Amino acid sequence: MKAVLSGVSKRYGDQWVLRDLNLTLEGTNVLMAPSGRGKTTLARLLLGLEAPDAGRVETDGRIVAQFQEDRLCGQLTAVGNVALCCPQLRREQIETALTQLGLCEEDWSKPARQLSGGQARRVALARAVLAPAEGVILDEPFKGLDEETRQRAMNWVSRMMEGRWLLLITHDEQEGEAFGGASVEIL
Ligand SMILES: Nc1ncnc2c1ncn2[C@@H]1O[C@H](COP(=O)(O)OP(=O)(O)OP(=O)(O)O)[C@@H](O)[C@H]1O
């Protein structure tokens with residue numbers, strides 16, 4: 001499974017954000033670029049939320065994304081939020097995943113609006129990674145987590161990605177190095 005961009009250009013009004021981008025996403029891919037360079041635009045093109053002004057975006061299978069805002073349903077529990085996007089999973093499987101991400105029963109039982117920022121981030125991460133999809137886009141998924149929790153979450157994501165492609169967007173060089181894989185250039 002892969003995603004291929006061929007000669008993709010995208011502009012907003014007079015501003016060209018991406019120009020003649022050729023890219024194949026397979027396995028692990030890390031995108032590190034300064035703010036405003038078009039990382040979110042690339043993610044939106046892959047998801048089909050934007051159309052390119054030139055070139056082609058071809059994707060096999062389903063793609064899910066975790067954006068920087070967590071976008072959880074505040075009235076649902078952590079488990080309920082994940083279950084909504086992962087109907088193939090039993091409740092115990094979701095609880096196991098949340099435990100592996102360092103959340104406990106007290107956290108996964110309360111409405112998501114009562115979770116801390118770091119807890120909500122991990123629920124959104126679980127939701128994206130566990131959803132049935134062949135490609136996963138994660139935009140700064142580990143931001144704001146303490147070091148131990150971040151390592152735990154990074155290891156979990158690496159394990160869960162087997163057989164699928166990942167586009168990890170990060171500003172953190174350590175994270176980029178830890179994931180390895182292909183380095184994506186969008187300049
Ligand atoms: N809907 C839009 N209309 C007009 N301009 C837009 C729109 N979306 C993005 N842009 C512009 O396109 C450029 C790239 O934006 P994008 O959000 O893709 O950058 P980014 O690399 O994800 O930034 P950040 O790291 O800050 O999230 C920016 O200059 C932004 O202002």
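## Helix packing and domain contact

Helix α2 (residues 78–85) and helix α5 (residues 117–130) pack at an angle of about 25°, their axes lying 9 Å apart. This is a predicted model, in which local features need pLDDT of at least 70 and side-chain atom pairs count only at pLDDT 80 or more, while totals for chains, interfaces and linings use all residues. Residues are numbered from 1 along each chain as its sequence is written.

**Terms for helices**
- Helices (H or I, at least four residues) and strands (E, at least two) are DSSP runs, numbered from the N terminus.
- Axes are lines fitted to C-alpha atoms, for helices over the stretch in contact, and angles run from 0 to 180 degrees between N-to-C directions.

**α2 against α5**
- The two helices, α2 and α5, are therefore roughly parallel (angles under 35 degrees).
- On the α2 side Ala78, Asn81, Val82 and Cys85 meet Val123, Ala126, Arg127 and Leu130 of α5 (contact: C-beta atoms, placed from the backbone, within 7 Å).
- By class, this contact of α2 with α5 has six nonpolar, one polar and one charged residues (nonpolar: Ala, Val, Leu, Ile, Met, Phe, Trp, Tyr, Cys and Pro; charged: Asp, Glu, Lys and Arg; polar: the others, Gly among them).

**Domain 1 against domain 2**
- Domain 1 covers 1–62 + 135–187 and domain 2 covers 74–132, with bounds from an automatic or database domain assignment.
- The domain centres, taken over C-alpha atoms, are 23 Å apart.
- In the contact, 12 residues of domain 1 face 11 residues of domain 2.
- On the domain 1 side, β6 (135–139) and α6 (147–160) are the elements that give two or more residues.
- The largest share of that side, six residues, comes from α6.
- The residues of that side divide into eight nonpolar, two polar and two charged.

How values were computed: Parallel < 35°, antiparallel > 145°, perpendicular 65-115°, else oblique. Contact = placed C-beta atoms within 7 Å.
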